[in-house]
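Q: I'm new to this structure and would like to learn how to read it. Could you walk me through a few features?

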Amino acid sequence: MKKITFLKKKLIGINTLGKCVLIAAGALLLGGCTKNFNAINTDPTGITDAQTQADFNNLGGYYPGIQQNIFGEEGDYQLCQNLNSDCYSGYYMSPDPFRGNINNQDYSLVDGWNSDVYNMGYVNVMGPVGHLANLRHARTASPHFWAIALILQVQAMSRVTDYYGPIPYSKVGAAATTPYDSQQQVYNQFFLQLDTAVTNLQAYIAANPNATPFAKFDMVYAGSYPEWLKYANSLRLRLAMHIVNADPATAKTQALKAINNTGGLITTNGDNAQLTGFGYHNPIWWIGTSWTDLSVGASLTSYLNGYNDPRISKMLSPATSPAGITGQYVGIRAGTPVGGKPMYNGYSSPNFSVISEYTPMILMNASEVWFLKAEAALRGWTTESAQTDYETGVNTSMSQWGVSAGGYLSDKTSTQADYVDPLTPQAGVANASIKAMSTITIAWDNAATNEQNLERIITQKWIANFPCGGWESWTDYRRTGYPRLFPVVVNNSGGTISTALQIRRIQYPASEYTSNASGVQGGVTLLGGPDNGGTPVWWDTNKGQAVPKNF
Amino acid sequence: MKKSLLLTLIMPCLALGAEARLKATNGDVNARYKENYTVKSIKAIETIKGTVKDSKGEPLAGVSVTIKGTTKGTQSDVNGNFTLQANVGDVLVFSYVGFTKTEVAITSTNPLSVVLADDSRQLTEVVVTALGVKRSEKSLVYANQVVGGNELNTVKTDNLMNSLNGKVAGMDVSPSTSGVGGSVKVILRGSKNALGSNQPLYVIDGVPITNSSNANGQPNSTYGGSPDGGDGISNLNPDDVESITVLEGAAASALYGYQAANGVILITTKKGKAGTPQINFSSSYTNDAISYKPKFQTEYGVTPGGNQSWGPKLSSPATADNLKDYFVNGNNVTNAFNFSSGNELAQTYFSYANTSANGVQPTNDLHRNNFTFREIGHFLNNKMTVDVNTNYINQKIQNTPGEGFYYNTLPGLYLFPVGVDILPYKNDYAVAQPARNGLPTQNWIANEDVQQNPWWILYKNPNYSTRNRALINASVKYDFADWFSLTARGNVDRVADITQQNLYAGTNPVLTPGLNGSFSRTDQTLTQTYGDLIANFKIPMKGAFKIDGLLGASITDNNTVGTNFSPGLGLAIPNVFTEQNVLTAITSNASTVSPGHNQVQSVFGSLNVSYHGWAYLTLTERNDWSSALAYTNNESYSYPSVGLSFIISDMVKLPQFITYAKVRGSYAEVATPVSTYITNPQNLSAAGGSFTFNIYEPNPILKPTDTKSDEAGVDLKLFDNRLSFNFTWYKSNSYNQFIQYTPAISSGYSTGYLNAGNIQNTGVELKLAYDVVKSNKFSWNTAINYSDNQNKVIQLQPGVPNEQIQLTGNGANAYESVLAVGGSYDDIYGVKFQRNSSGQILLNADGTPKTTDYEKVGNPNPKFQLGWENTFNYGKFTLNFLVDGKFGGQVLSMTQMLMDSYGVSVASGQARDNGGVTVNGVDPSGNAVTKVNAQTWYGTVGGRSGVAENYMFSATVVRLRTASIGYNFPVENSFVKNLRLSLIGSNLIYFYKKAPFDPEITMSTGIGLSGVDVFNQPTTRRLGASLNVTF
């Protein structure tokens, strides 16, 4: 080997000279041939800044992507919502035994799934919003477009923080590593950003009453700024209520700010914030029909069955197998080892003749706002009648589904039904059948305690938020303890998540520990507990109580 | 120093001196020409006959016989006979690739009997090296291995590279499992790149070609992917190949630049020869059958209400053989002929080959036509040589078998419940749906994305790929002087592929959007254009030193264009597979094929100095300008190589038994640029009126990967050349790996690229050949090759200690391929059992085991490879066989995991017979557990995401790879000159194989998916016959 070392040394000298010769020869032969290299190395399917100038595409072109990525197409929707909060809120359970039945649905948290929530939030929403601000100077170039960007960002990132707790927010995009903000700081920024959005929209509406410059890019309101204003106010009310236990003063202030803004709230189904158009198809329909990965949860069917809910046939399709339950509405209990398809495939699914390919995905509907107002009234923040708000909420939901409430609101006896799973127990599988957990009835009862009436409000809000509102309903469940949801049949969390108290959050993506280690460690410190599914987030003060206590 | 100075002076000198010398030499030639053809022709001419044979007594066909000092000559026929007009006193020169050039003086008109010595035993043999430059083997400073065309064509395979398997030390060949015409993965001296290709560069007659697969590429997950359509090298007609030279080390290949960091395979093709026109015809037929089957239990029936086999014990054991109802015998029929003719001034070669093959999967077939036309002309008094070689290849492959879970027939076939009759599903794979007015949809026992009715896949998920390829090489060489020539070459390799897969309504809905079926279609054309200009010089010097070398410049341009019509939201009217009938989606239906345009311009030089014919020094230097590195400051970069060899046997006097001894050493660098378009990330326009913002973090300091390698070796020939021995040691380190990483996600980018890391390969190669018996009547030659390679990931990103690069993600399945510091390339990661300190498996209360996160469970690459080839000649008979072994390594069988979890495997049946699976476990309370219910156990341990640790098998495999026995019919016929019939076979016997599949095969010839069996097609045993006739 000595010889080679010797050769290497010798080579260094030769190499230098050789290089000179070659480069000189190369220059001679090739001349300026490499001047095309920039053009060659440019992807011809790319789009340049200059090309986007026409028709304000340089600003507006970002928005369809941002809007779609709040829910995402089927793959992203499945990972970001359908296989976590949609299950944790009792709406859904998959008949597909992903990862051999060891996955999110039985509390074995799958990093590769959950990290998509970060990807969608930061790369597909905050990324373009950041570019709108920094590259397109949207703040000053177009304050009304900027207002929409802020509303969409708050909508999208509120899901991220509610899933995880502390997240990077104020310092995003500023440096190679990104420090985490506490969840309280994140919420305070949400409120400030909504302030800006509301101010900008009101100023624009005042100056240009009927103008719809955003129409071309709008998947939600076809360019109507007054509707966006209502959405901004309603979103503020929703976020205010999230933090009612953690920071009651701010919650009340922000709730009243939302309720009292002259722009108003979403009050009718015509105001509903929902995504449609631009070829976007309903991901729930897709996952359910194309992938047959979707059944509904046992908690949902137990309430709808128990309440004889007139919405049930619109919302759900009856089971087609096994024989004992054919024609009935029977969901799958969370955390059931579902075997392989078709074992549980015939259990109730969403009604895909109602929820079809292009049915809009609802971001926020009017009934939710009425239930939020009912809760505000119940808490004594307003002088409205909690009962009226509650009943309007139920009726608004009935009309959203195109059914008549009939005697529903005066039903004082119906309660959640027991759940029977005809496929369990079997060899090696625990019994998934379970008694009803709630005794709450439908009709408003002024004599009931605030706790009971809150359960009534949240339970009806939960029904009304089906099928798209899994993220919001999981937040409500953690915040209030309602509705009473069946615990998982099998808990594969390795002791980090209590079966009785249920899952409180999902853990940070593993990639954060490699690419943003100091940032995420700061986040864990702010979280105040281990980075697992058992640690509650900041606004989740209801933790550790098997019986909810909100007052 | 002196040598490089010379190099600097040569360029201008050449330009100035060339014209003057041109005139002078032209004059000389004219004079000589007159002498040859005018003066000598006056003399009386005799008819000289003779025979040329090799040292084993085999007649040699096609040997060039020329009269020394003239261009007159002929070539030998298949019986080795030649006839030409010459004079007593003339000297005949016999030359033939692979044999020593021999001169014989004509002393009488009696027939001559000439024996040519095999080149492996000779020292002056010429070897084709980089850029097609021929050099004496003696002067080479690096290892090279030559395989002759006959060796490749004795036992034909549908991919040329499969014929090299086991023959070349340091080469790891892994055939893919994609049926006839499938791709092959070839790795020389270990994998070097974390991203990009690890396969060698293929060069035909000095000029690079592409080895591209079609736009479908290769699968990158255990789910499989679009069908493989074969690689570039599989398109060639093996009959056109004269010889293959394998340049494994960087020193040998450095002149080819970036494409050659993984080694080079040089293919020398046949050309026309002056003399009697010759027609060769060859025909071969082989019959293929699967060489192993999975083992099924026969006692337990279907799970009531389900599709698994966990049901009650059957009253009598199941007797059906579902595999017999599915697999067929494959076959391969190849007919080829070539025509060679020429005179001193022009030589013509034409060939046509037709390959028709059927796979063991029904409906899988391949049809290929190869046309080759090559013309060599000599002009301007033989000063100028023009060589044009055109190839046209037309290939169609139908129903390439799926790999992995999707579109693969085998999951459905293997997992089918025991005791249920599969024939109704075979006969009626589609049933009419009254509700859809009779539309036929799939009839199957399960509704799962991982299994469909096998016959439904065959007939209702059909795929095809067609390829039309034109490969045109042209070169013009002009000899300005004895010591200086200039060569200009060009090459266009244009590969046009169309692939399509139709998915009929009724296909599993996970695989096709909507309920009406869908299709995907790709139409892609790849054009590689290459041109170079090379000045070769040999400085006329007197004395001990001799200097020669070359200077050149080249340009390589690769451009891929095309369209990809994706399924959209499926079809509007069921099963009408037209583009108009596709429902549009947010992601547009038709999109540009992942485009790629890159260009590399280079200048290079090589200088060879010899001293007294026993010391040789070779220096090379190359500078590349790469378009892929535009937008950085690194688009120009250069790399050197240096090597030294000493012929000890010529330097000093060695003992008598050592006929030849050489030591050699070299050091070389090769730089590989980054992928196309990476340095210039852009926003992209998307359908639906939006644009997608760039998600790639820009990195303006990207640079090439730099592979530095050392090599040293010894070549010996002993006992009068009967024993030859070659030994090579090498070590290569590939620095500045091109690595994809995930930036802090809060940066707003999801993906980034950087250069970091160091992947090291070290190993040795050893070859030993011995003529055990050497006589006219009987000879026996035996040859052994040995190689090993240790691959080690020394570093990935500095400062990120636990970084891993996933070559294959787990996708919720049991297998991952991971590159991690301290590990090696292709490491398999999977979950393991959690165990206590005494090794007991920790069990949950229900008996299922607790498992770890994904950890390393093995590596599939062999620790070493050994090949042993024997050739016997007895009279007219020739017997050849090759035994080879790949030793060490572990592979994962996901097929077995699923068969266990579905209760169809033998193991699952035996466990039930035994009252459960025998385990060494401990329950949560600390009590020992020795038996667990079979269904409970295999439900967790088996299955798609089961415990990989439990399904790792030894990858060691020793087999009789090929065997052939041939007979030369004694033909005394002026029309038929030679007739040879051979019985051939390949993959005949597994002497040792512990895995339930052939560990050598691979799901992907790209990066990742090594050493995992996910319902891979079984390898086949091939038997047949071949016929060669020369007219």
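**Reading the features**

A: Let's start with a charge over a ring, which is counted if NZ of Lys or CZ of Arg is within 6 Å of the ring centre and within 35 degrees of the ring normal. Here the charged end of Arg505(A) sits over the ring of Tyr508(A), 4.8 Å from its centre. In chain B, Arg944(B) lies over the face of Phe405(B), at 5.8 Å from the ring centre. Keep in mind that this is a predicted model: local features need pLDDT of at least 70, side-chain atom pairs count only at pLDDT 80 or more, and totals for chains, interfaces and linings use all residues. Residues are numbered from 1 along each chain as its sequence is written, chains are lettered from A and ligands numbered from 1 in the order in which they are written, and side-chain values use heavy atoms, with hydrogens and water left out.

Q: How many aromatic pairs does the structure hold over all chains?

A: Rings of Phe, Tyr and Trp (its six-membered ring) pair if their centres lie within 6.5 Å; planes under 30 degrees apart count as stacked, over 60 as edge-to-face and the rest as tilted. Over all chains there are 75 aromatic pairs. One of them is edge-to-face: Tyr326(B) and Trp455(B), 5.9 Å centre to centre with 70 degrees between the planes. This pair links distant parts of the chain, 129 residues apart: Tyr326(B) is in the loop between β17 (275-290) and β18 (330-342) of chain B, and Trp455(B) is in helix α6 (residues 454-460) of chain B. Those labels come from DSSP runs, numbered from the N terminus: helices are H or I, at least four residues, and strands are E, at least two.

Q: Is Tyr326(B) buried or exposed?

A: Buried means under 20% relative accessible area, exposed over 50%, and partly exposed in between (1.4 Å probe, protein chains only). Tyr326(B) has a relative accessible area of 2%, so it is buried. Trp455(B) counts as buried too, because its relative accessibility is 3%.

Q: Which residues form one aromatic cluster in chain A?

A: That cluster is made of Tyr63(A), Phe145(A), Phe214(A), Phe217(A), Tyr221(A), Trp228(A) and Tyr231(A).

Q: How do helix α11 and helix α19 of chain A pack?

A: Axes are lines fitted to C-alpha atoms, for helices over the stretch in contact, and angles run from 0 to 180 degrees between N-to-C directions. Helix α11 (residues 225-242) and helix α19 (residues 470-480) of chain A pack at an angle of about 30 degrees, with their axes 10 Å apart. That makes α11(A) roughly parallel to α19(A) (angles under 35 degrees count as roughly parallel, over 145 as roughly antiparallel, 65 to 115 as roughly perpendicular and the rest as oblique). Contact means heavy atoms within 4.5 Å. Arg238(A), Met241(A) and His242(A) in α11(A) meet Trp471(A), Glu472(A), Thr475(A) and Arg479(A) in α19(A).

Q: What is the strand order in the open sheet of chain B?

A: Strands of a sheet pair through backbone hydrogen bonds, either parallel or antiparallel. DSSP has to find at least two bridges between two strands for them to pair. The five strands run in the order β10-β15-β16-β13-β14 (chain B), with mixed pairing. At the edges are β10 (145-148) and β14 (207-208) of chain B, each pairing on one side only. Strand β13 (residues 201-204) of chain B is joined to β14(B) by two bridges, and these strands run antiparallel. Val203(B) has Pro208(B) as its bridge partner in β14(B).
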